[in-house]
Amino acid sequence: AQQIDAEKYSQATPEAALKSIVTALEKRDLEYWIRYLITPADTQRLAEKWGSIDSAALMNADDRHAPKLKKQIDCINEMLTAGKSTSGEENGTKFTRYQSDSKFLQLDLQPDGRWCMNIARSNELMKAAAATPAPGNE
């Protein structure tokens, strides 16, 4: 199995972690992304869904998934460019949330000091935003 590569994929700050996520997705280094760049809970969920981390990486790295990966990369780059983020603490975990329009991406600080993408929480935030009418559209 791969080991953490802090030089290639820095996770020292939320912004560094976002850039590392983009790099890993662009290189289709999905095994690394699944193992180290998303939260352990998300890693576990994907491993259970696909049978293993290796299977999850393989199933998501094929050309059929390329448009989805590109969309994800573009979205993260939009968030980096917009630079709109909020930080806080939720259930004892420090987080930084990036936003671009109605899209959210949350990074959580792990006990080992790495910032990891919280896929489940990001999806919850986007669903909540979609369910809330915009001001003036109630």
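Two strands pair if DSSP finds at least two bridges between them. Strands are DSSP runs of E with at least two residues, helices are DSSP runs of H or I with at least four, and both are numbered from the N terminus. With that in hand, welcome to the close-ups. This is a predicted model, in which local features need pLDDT of at least 70 and side-chain atom pairs count only at pLDDT 80 or more, while totals for chains, interfaces and linings use all residues. Residues are numbered from 1 along each chain as its sequence is written, and side-chain values use heavy atoms, with hydrogens and water left out.

**View 1**
Let us start with the open sheet, where 4 strands follow the order β1-β2-β3-β4 with antiparallel pairing. At the edges lie β1 (85-90) and β4 (115-118), each pairing on one side only. On average, neighbouring strands here are turned by 30° against each other, direction ignored; axes are lines fitted to C-alpha atoms, for helices over the stretch in contact, and angles run from 0 to 180 degrees between N-to-C directions. In a regular strand the side chains alternate between the two faces of the sheet.

**View 2**
Which residue in β4 is the bridge partner of D108? It is C116. A second pair to look for is L107, which stands opposite M117 in β4. In total, strand β3 (residues 103-109) pairs with β4 over 4 bridges, in the antiparallel sense. The two strands form a hairpin with 5 residues between them, and G113 in the turn has a positive phi of about 95°.

**View 3. Helix α1 meets helix α2.**
Here helix α1 (residues 14-26) packs against helix α2 (residues 30-37) at an angle of about 150°, and their axes are 8 Å apart. That angle makes α1 roughly antiparallel to α2, since angles under 35 degrees count as roughly parallel, over 145 as roughly antiparallel, 65 to 115 as roughly perpendicular and the rest as oblique. From α1, the contact uses S20, I21, A24 and L25, and from α2 it uses L30, W33 and L37. Contact means heavy atoms within 4.5 Å. What kinds of residues make up this contact of α1 with α2? They divide into 6 nonpolar, 1 polar and no charged. In this sorting, Ala, Val, Leu, Ile, Met, Phe, Trp, Tyr, Cys and Pro count as nonpolar, Asp, Glu, Lys and Arg as charged, and the others, Gly among them, as polar.

**View 4. Salt bridges, pair by pair.**
A salt bridge is a side-chain nitrogen of Lys or Arg within 4 Å of a carboxyl oxygen of Asp or Glu. How many salt bridges does this rule give? The count comes to 12. One of them joins K70 and D74, at 2.8 Å from N to O. K70 and D74 are 4 residues apart in helix α5 (residues 66-82), so about one helical turn separates them. Another links D62 and R64, at 3.8 Å from N to O. For surface exposure, buried means under 20% relative accessible area, exposed over 50%, and partly exposed in between (1.4 Å probe, protein chains only). D62 is partly exposed at 28%, whereas R64 is exposed at 65%. D112 and R114 also meet in a salt bridge, at 2.8 Å from N to O. Is R114 buried or exposed? R114 counts as buried, with 14% relative accessibility, while D112 is partly exposed at 49%. Salt bridges that share partners also join E90, R97, R121 and E124 into one network.

**View 5. K94 and its surroundings.**
K94 sits in strand β2 and is partly exposed, at 46% relative accessibility. Not counting residues up to four places away in sequence, K94 touches G88, E89, L107, D108, L109 and W115. The C-alpha atoms of K94 and P111 are separated by 10.0 Å, and these two residues are 17 apart along the chain.

**View 6. Two loop residues with positive phi.**
Most residues other than glycine have a negative phi, and most peptide bonds are trans. R28, in the loop between α1 and α2, has a positive phi near 55°. R28 is partly exposed at 33% relative accessibility. D101 lies in the loop between β2 and β3, and its phi is also positive, near 55°. D101 is exposed, with a relative accessible area of 60%.
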